[in-house]
Amino acid sequence: MKLVLLGPPGAGKGTHAKILSEKYNVAHLATGDILRTHIRNKTKLGLQAKEIIEKGSLVSDDLVNEMMFDEIQKSNFRGGFILDGYPRTLGQAVALDEFLLKAEWELDAVLNFAVSEKVIIDRLSGRRVNPSTGRVYHTRNRPPKKEGICDETGEKLVMRKDDEPETVRNRLKVYSQETKPLISYYQKSDLLHDIHGDFHVPELQQEITALFDKLKLTV
Ligand code: AP5
C-alpha cells in the first residue's frame, strides 16, 4: 500500500494515517512529525527548520525531499507507506514521481481530505499534543482521561506553537498557494479520491475502507 494523504492543516491527515498504518501494518511517514523530531534532537536540519515551522511557512523542497526519500527507503521493509504532509508543493510532487519511477514503485491512491475552514479552526484550537511522543488529542473531540495529561505517559499536554491563530492563518494561506494545486496534479493521473474530512473519525474510516474495497487495495 502506497498512499499520499492530502489536505489543509487540521484536516485529520495524521489521525487517519496513524489508524490506517496500524490496521494495514505499513509505515506512517509524517513530514511534520519527522521535522519536529529533528527540532527536538537539535540536528542541523532541525535548527534550519525550527523558525520556518513556527512561522507556518514551508521548509525548502530540497531539504524535505532528501529527508523523505531516506524515510521511504527505510520503510520499504514494512511493505509500503502512508505519506502524511508530503508532497506539499508541485516541486515536491514532481520529485516524488521521479523518485518512485527510479525505484519502480507506484502510488496506489491520493486521499484528499476536504474540510471547511470553520472545522479547521475548531480542530487546531482544540488540539493538544504530547511534546515528547507527538500523540495527538483534542480538548472536546478526543480528550485525554485526565484533562491536560497524556493517557500513555502522564506527561503534560501542550498546544503546538504553530496552532496559534495567527500562524494558522499563515498556514492556510500557504496551503492555498502551494499545496492546493496538487489536487489537479493528482486528478490528471487518476489517483485522486476526495474524502469527507468534516465527518467524525469512525464515519470517515468507514468511507476510506469502502474506497479501499472499491480499489481492491488490501496491503
Ligand atoms: P504538519 O505537522 O504536517 O502540519 P499540517 O499539515 O498543517 O497538518 P496538521 O498536523 O496540523 O493536521 P492534520 O491534518 O494531521 O490533523 P490532525 O490529525 O492532527 O506540518 C507542520 C509544519 O512542518 C508545516 O507548516 C511546515 O512548516 C513543515 N512541513 C511539513 N511538511 C512539509 C513539506 N512537505 N514541505 C515543507 N514543509 C513542511 O487533527 C487535528 C485535530 O483534530 C486533532 O486534535 C484531532 O484529534 C482532531 N480531529 C482529527 N480528525 C477529526 C475528526 N474527523 N473529527 C473530530 N476531530 C478530529
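Me: A salt bridge is a side-chain nitrogen of Lys or Arg within 4 Å of a carboxyl oxygen of Asp or Glu. How many salt bridges does the structure hold?

Reply: The structure holds eleven salt bridges. This is a predicted model, in which local features need pLDDT of at least 70 and side-chain atom pairs count only at pLDDT 80 or more, while totals for chains, interfaces and linings use all residues. Residues are numbered from 1 along each chain as its sequence is written, and side-chain values use heavy atoms, with hydrogens and water left out.

Me: Let's start with E54. Where do E54 and K50 lie relative to each other?

Reply: An α-helix has 3.6 residues a turn, so residues three or four places apart point the same way. Here, E54 and K50 are four residues apart in helix α3 (residues 44-55), which means about one helical turn separates them. (Helices are DSSP runs of H or I, at least four residues, and strands are runs of E, at least two, numbered from the N terminus.) The side chains of E54 and K50 form a salt bridge at 3.2 Å, N to O.

Me: Which salt bridge joins E54 to K161, and what does the pair tie together?

Reply: The side chains of E54 and K161 meet at 3.8 Å, N to O. E54 belongs to helix α3 and K161 to the loop between β6 and α7, so this pair ties together parts 107 residues apart in sequence.

Me: Are these residues buried or exposed?

Reply: Buried means under 20% relative accessible area, exposed over 50%, and partly exposed in between (1.4 Å probe, protein chains only). E54, at 28%, counts as partly exposed, as does K50 at 36%. K161 is exposed, with 54%.

Me: And D163 and R171: buried or exposed?

Reply: Both D163 and R171 are buried. Their side chains meet in a salt bridge of 2.8 Å, N to O. D163 and R171 also belong to a network of salt bridges that links them with R127, R160 and D162.

Me: Which residues of helix α6 are buried, and what do they pack against?

Reply: In α6 (residues 117-126), I120, R123, L124 and G126 are buried. The buried residues of α6 pack against β5 (127-129), β6 (136-138) and α7, with contact meaning heavy atoms within 4.5 Å.

Me: Helix α7 keeps coming up. Which residues of α7 and α8 meet?

Reply: On the α7 side they are Y175, S176, Q177, E178 and T179, and their partners in α8 are P181, L182 and I183.
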